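Welcome, and thanks for taking a look at this one with us. Here is a short briefing to read alongside the sequence and the model.

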Amino acid sequence: MSNRLRWIIVVVALALGGVAATLLWMLAEPRATTILSTQASVIGGPFSLTDNKGMRVTDADYRGRPMLIFFGFTSCPDVCPLTLQKLADALALAGPLPVEPRVLMISIDPARDTPEMLDSYVRSFRDDFIGLTGTQAEIDNVVAAYRAYAKRVDMPDSAMVYTMDHSSFIYVMGADGAFITVISPDGDAAAMAQALKAALLP
Ligand code: NI
């Protein structure tokens, strides 16, 4: 390999790493919504998973209504249940929307989150919430496609054995599956309702 070619490869690799790092930084920033919108085409994409009824599904099965996608896990002690409850409350406050969005919680702990566990979990917040799980590879793919973050953290002194560190944004995807924006989980239900209306009303 020529020196010149070697340098080109290094420069391209750094540029790509920079894009990934920038996206991670933006997802970690609460005020990133407007910046993120300009990167819309790189967030989201096809997925193939198993739903809370044990059916194999793909992203294409959810066309026609907006999707609100949240990455989490059923044994999460705080962020996941709080966010899903706020989301249920926000949808009640925001509604009726012209086209009701579907709420999809994608498990980032597929080793523990069976379809049965997801079913009772997501429906405890609202009966039509959908839970999705899959193989570790399927979950890794969808986490990467959404530029989300999930990492196992061992807890040797706990009966839980491990927990999951994860990003907790709500991704708003259009009825065509395209990325619209992210909503922060930090606001209250009223703020979330406002953000949903801003994203989904014409
Ligand atoms: Ni959580």
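**Around Asp 59 and Phe 47**

Leaving out residues up to four places away in sequence, Asp 59 touches Gly 45, Pro 46 and Phe 47. Please keep in mind that this is a predicted model. The chain has 202 residues, 44% of which count as buried, and its secondary structure comprises 6 helices and 9 strands.

- Asp 59 sits in the loop between β2 and β3 (67-72).
- Is Asp 59 buried or exposed? With a relative accessible area of 10%, Asp 59 is buried, since the cut-off for that class is under 20%.
- A polar atom of the Asp 59 side chain lies 3.0 Å from the backbone nitrogen of Phe 47.
- Asp 59 and Asp 176 are 117 residues apart along the chain, and their C-alpha atoms are separated by 9.9 Å.
- Phe 47 in turn has its own set of contacts; beyond four places in sequence, these include Val 57, Tyr 62, Ile 69, Leu 104, Leu 132 and Tyr 146.

**The nonpolar core**

- The largest nonpolar core holds 53 residues, and the members touching the most others are Phe 47, Ile 69, Phe 71, Leu 132, Tyr 146 and Tyr 171.
- Helix α3 gives the most to this core, with 7 residues.
- As background, nonpolar side chains tend to be buried together in soluble globular proteins.
- Among contacts in the chain with a separation of 6 or more, 68% are between residues 24 or more positions apart.

**The nickel site**

- Which residues coordinate the nickel ion? Cys 76 (SG), Cys 80 (SG) and His 166 (NE2) do so, at 2.1 to 2.2 Å.
- Along the chain, the donors follow the spacing C-x3-C-x85-H.
- Cys 80 lies in helix α3 (residues 79-94) and His 166 in strand β7 (residues 162-166), so this pair ties together parts that are 86 residues apart in sequence.
- Cys 80 is buried, at a relative accessible area of 0%, and His 166 also counts as buried, at 13% relative accessibility.
- The His 166 side chain also reaches the backbone oxygen of Phe 71, at 3.2 Å.
- Setting aside neighbours within four places in sequence, the contacts of His 166 include Phe 70, Gly 72, Phe 73, Ile 108, Tyr 149 and Ala 150.

**Strands β6 and β7**

- Strand β7 is mostly covered, with 4 of its 5 residues buried.
- Its partner is strand β6 (residues 150-154), which pairs with β7 in the antiparallel sense over 5 bridges.
- Within this part of the model, Lys 151 stands opposite Asp 165 in β7.

- Asn 52 belongs to the loop between β1 (48-51) and β2 (56-58), and Asn 52 is buried, with a relative accessible area of 8%.
- What does the side chain of Asn 52 make a polar contact with? The partner is the side chain of Asp 119, at 2.6 Å.
- Beyond its neighbours within four places in sequence, Asn 52 is in contact with several other residues, among them Pro 115, Leu 118, Val 122, Arg 123, Phe 129 and Gly 131.
- In helix α4 (residues 115-123), the buried residues include Pro 115, Leu 118, Asp 119, Tyr 121 and Val 122.
- The cover over the buried residues of α4 includes β1, α3, β4 (102-107) and β5 (130-133).

**Backbone points to check**

- Most residues other than glycine have a negative phi, and most peptide bonds are trans.
- The peptide bond from Gly 95 to Pro 96 is cis, with omega near -5°; Pro 96 is found in the loop between α3 and β4.
- Arg 147, in the loop between α5 (136-145) and β6, has a positive phi near 55°. Arg 147 counts as partly exposed, at 31% relative accessibility.
- Val 161, in the loop between β6 and β7, has a positive phi of about 70° although it is not a glycine. Val 161 is partly exposed, with a relative accessible area of 46%.

Notes. Residues are numbered from 1 along each chain as its sequence is written. This is a predicted model: local features need pLDDT of at least 70, side-chain atom pairs count only at pLDDT 80 or more; totals for chains, interfaces and linings use all residues. Side-chain values use heavy atoms; hydrogens and water are left out. Helices (H or I, at least four residues) and strands (E, at least two) are DSSP runs, numbered from the N terminus. Buried means under 20% relative accessible area, exposed over 50%, partly exposed in between (1.4 Å probe, protein chains only). Contact means heavy atoms within 4.5 Å. Donors are N, O and S atoms within 2.8 Å of the metal (3.2 Å for Na, K and Ca); water is not among the atoms, so sites may look incomplete. A nonpolar core is a set of buried Ala, Val, Leu, Ile, Met, Phe, Trp, Tyr and Cys residues joined through side-chain atoms within 4.5 Å. Two strands pair if DSSP finds at least two bridges between them. A polar contact is a pair of N or O atoms within 3.5 Å; within protein, one must be able to donate a hydrogen and the other to accept it, and residues adjacent in sequence count only if both atoms are side-chain atoms.
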